[in-house]
Amino acid sequence: MKKKALKFGTAGFLFGCFAYLLFSLIVSLRINTGDFYFALPALANDYENELVAVMIQIATFTWFGTFCGIAYLFNENVAIEPAKQSAGYLVSLTVGMLPLAWTGQWFKHIFTGLFSYLILVAAVSLLFFVIGFVKLKSDVREIKQAIGIGEEDTNEKS
């Protein structure tokens, strides 16, 4: 289990890096000044310089990605009983969101923080559902091909 957690956490870390770059690109396009913003301007204003804000933003995205990877491990592991699986999933996502809450200053506005938390849990869960659905569909297709069911269906339609 520890090796799988390390594997999924590492994959999540890499997806967190990608999400950071994608987020920075979207923010830069949204601000539309022709500059590339490595960190949110509001975050850069909160710290002494932009470099510290960039490091905090990268750390936040990679931390969140790592714990999303671990949450995905709980999501995929059917050997664990459902109650422990759900608890592990929610605890992983919640621990992953702690830096987001701190960086985004969710504590200043409780309603906004709670709403942001619920939206992020729902978005990540939807993403995991889509990934699982595509993976399941691919596995079913491979099983059908292995036992020859898919070939008979295509021959009957012709």
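This is a predicted model: local features need pLDDT of at least 70, side-chain atom pairs count only at pLDDT 80 or more; totals for chains, interfaces and linings use all residues.
**Exercise 1. Fold and overall extent**

Determine which secondary-structure elements the protein chain holds, and how its radius of gyration compares with that of a compact globule of 158 residues.

Solution. Begin with the elements: the protein chain has six helices and zero strands, and reading along the sequence gives the pattern α-α-α-α-α-α. Next, take the radius of gyration, which is 20 Å for the protein chain, whereas a compact globule of 158 residues would have one near 15 Å.

**Exercise 2. Surface and charge**

Find what share of the residues is buried, and how the charged side chains of the protein chain are divided.

Solution. Of the 158 residues in the protein chain, 30% are buried.

**Exercise 3. The setting of serine 24**

Decide whether serine 24 is buried or exposed, and identify which residues it touches beyond four places away in sequence.

Solution. First, locate serine 24 in helix 1, which covers residues 2-31. Its relative accessibility is 1%, and because the cut-off for buried is under 20%, serine 24 counts as buried. Then list the residues that serine 24 touches, leaving out those up to four places away in sequence: Phe36, Tyr37, Phe38 and Gln57. Lastly, look at phenylalanine 38, whose backbone oxygen lies 3.4 Å from a polar atom of the serine 24 side chain.

Methods
Residues are numbered from 1 along each chain as its sequence is written. Side-chain values use heavy atoms; hydrogens and water are left out. Helices (H or I, at least four residues) and strands (E, at least two) are DSSP runs, numbered from the N terminus. The radius of gyration is taken over C-alpha atoms; the globule rule is 2.2 Å times the number of residues to the power 0.38. Buried means under 20% relative accessible area, exposed over 50%, partly exposed in between (1.4 Å probe, protein chains only). Lys and Arg count as positive and Asp and Glu as negative; His and the chain ends are not counted. The place of a charge is taken as NZ of Lys, CZ of Arg, CG of Asp or CD of Glu. A polar contact is a pair of N or O atoms within 3.5 Å; within protein, one must be able to donate a hydrogen and the other to accept it, and residues adjacent in sequence count only if both atoms are side-chain atoms. Contact means heavy atoms within 4.5 Å.
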